[in-house]
Amino acid sequence: MSESWSLIMHKQYPIDQSPLYKLVGLKQLERCLSIDLNKLSVLLRPSNYRTWANEKGRAIQHPVGWLAQVHSKIARYLSRIETPDYVNHKKGCSHVKNAREHIGFYPVAKTDVYRYYPSISRAMLKLAFIKHFRCSVDVANILADICSYQQSHLPTGSPISGYLAFWSCKDLFDKVHQLCKLKECTFTLYVDDLTVSGNAANKNLLKDIRQLIKSAGLTSRDSKSKTFPPNAAKLITGVIVKGNNCLLPNRLHKEIADSRASIERSTDATSKEHLKRSLKGRLMAAKLVTDAYAPPIVESSDLVFS
């Protein structure tokens, strides 16, 4: 790899600088992904996915083997592309940063896209590669096949999924952003969670946003679509926002307390180490919030176990 190419690969760049941009020939595609299209049928075999249901009963499709390598390469390319400021699921951002965007004594409205990844069809992926990446139709067809589970929809367990879901729905999210800007509200996106804060973040604005989601062929859930008054404690991407403060949700406080109690009670060494690792993960998650916004409940010693 040349020095100049190495520099490009290690910084964010506009989409027109991406190796995936304007792929108009099959040879270009082969070089970009380091694949042989004569073996495309092998790459697209169903056996290149491992599938299972997670603890919430959601179907997970995880690429393995050669397909996993190709997906990883595509994900690396996608991760370098600049996205709008309202996107917070990218390098340098987090669910905590997303919540912090909405501090202050303002009303908040939030909703989500239901079954986000499974709703991104192969056709939507193809259109994204044509419209945003300016690929030729034949290249877009192949990329859509490679990036979709059994040429049906975006896989739920691939490193490409978060990036391609955004590019497939960018027109929708841009419309939501423009609507919120017109209303002088702040809009943020964290994967499938849409949050709006500002004086006009009311039920009418939420209704308009949900209509935009519906018009894009997607669904938002009643149970996840809520508005909050200015002084309320608002749960935003796993963080409690109350006035000018970001706080830990009661659930995480309880999980930390329960983990500590379980460690004290445990007499089995193996079980105790497992509980300590679990507690460490929860403390690190808590530290992201408490370091900046709350009296410390997490000490540095909590994060180191002998």
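Predicted model: local features only at pLDDT ≥ 70, side-chain atom pairs only at ≥ 80, totals over all residues.
## Helix H8

Helix H8 spans residues 137-147. It is mostly covered, with 8 of its 11 residues buried. The buried set is Val-139, Ala-140, Ile-142, Leu-143, Ala-144, Asp-145, Ile-146 and Cys-147.

## The H7-H8 pair

Two packed helices are described by the angle between their axes and the distance between the axes. For H7 and H8 the angle is about 135°, and the axes lie 8 Å apart. H7 is therefore oblique to H8. The crossing is right-handed.

H7 contributes Arg-122, Leu-125, Lys-126, Phe-129 and Ile-130 to the contact. From H8 come Val-137, Ala-140, Asn-141, Leu-143, Ala-144, Asp-145 and Cys-147.

## Nonpolar cores

The largest nonpolar core holds 62 residues. Leu-33 and Ile-146 have the most contacts inside it. H8 supplies the largest share of this core, 7 residues. Another core lies apart from it and has 10 residues, including Val-108, Phe-228, Ile-236 and Val-239.

What does Leu-33 contact, leaving aside its neighbours within four places in sequence? Its partners are Leu-20, Val-70, Lys-73, Ile-74, Tyr-77, Leu-143 and Ile-146. Leu-143 and Ile-146 are buried residues of H8.

## Cysteines

A search of the whole structure finds 0 disulfides. Cys-93 counts as partly exposed because its relative accessibility is 22%, and buried would require under 20%. Cys-147 has a relative accessible area of 0%, so it is buried. Cys-147 also belongs to the H8 side of the contact with H7.

## Positive phi in two loops

Most residues other than glycine have a negative phi. Lys-22 has a positive phi, near 55°. Lys-22 sits in the loop between helix H1 (3-9) and H2. Its relative accessible area is 43%, so Lys-22 is partly exposed.

Glu-184 also has a positive phi, near 60°. It is found in the loop between helix H10 (170-182) and strand S4 (186-190). Is Glu-184 buried or exposed? Its relative accessible area is 73%, so Glu-184 is exposed.

Conventions: Residues numbered from 1 in each chain as written. Heavy atoms only, no water. Disulfide = S-S within 2.5 Å. Buried < 20%, exposed > 50% of the residue type's maximum accessible area, 1.4 Å probe, protein only. Helix = DSSP H or I, 4+ residues; strand = E, 2+ residues; numbered from the N terminus. Core = buried A, V, L, I, M, F, W, Y, C linked by side-chain atoms within 4.5 Å. Contact = heavy atoms within 4.5 Å. Axes fitted to C-alpha atoms, helices over the stretch in contact; angles between N-to-C directions. Parallel < 35°, antiparallel > 145°, perpendicular 65-115°, else oblique. Left-handed = near helix turned anticlockwise from the far one by under 90°.
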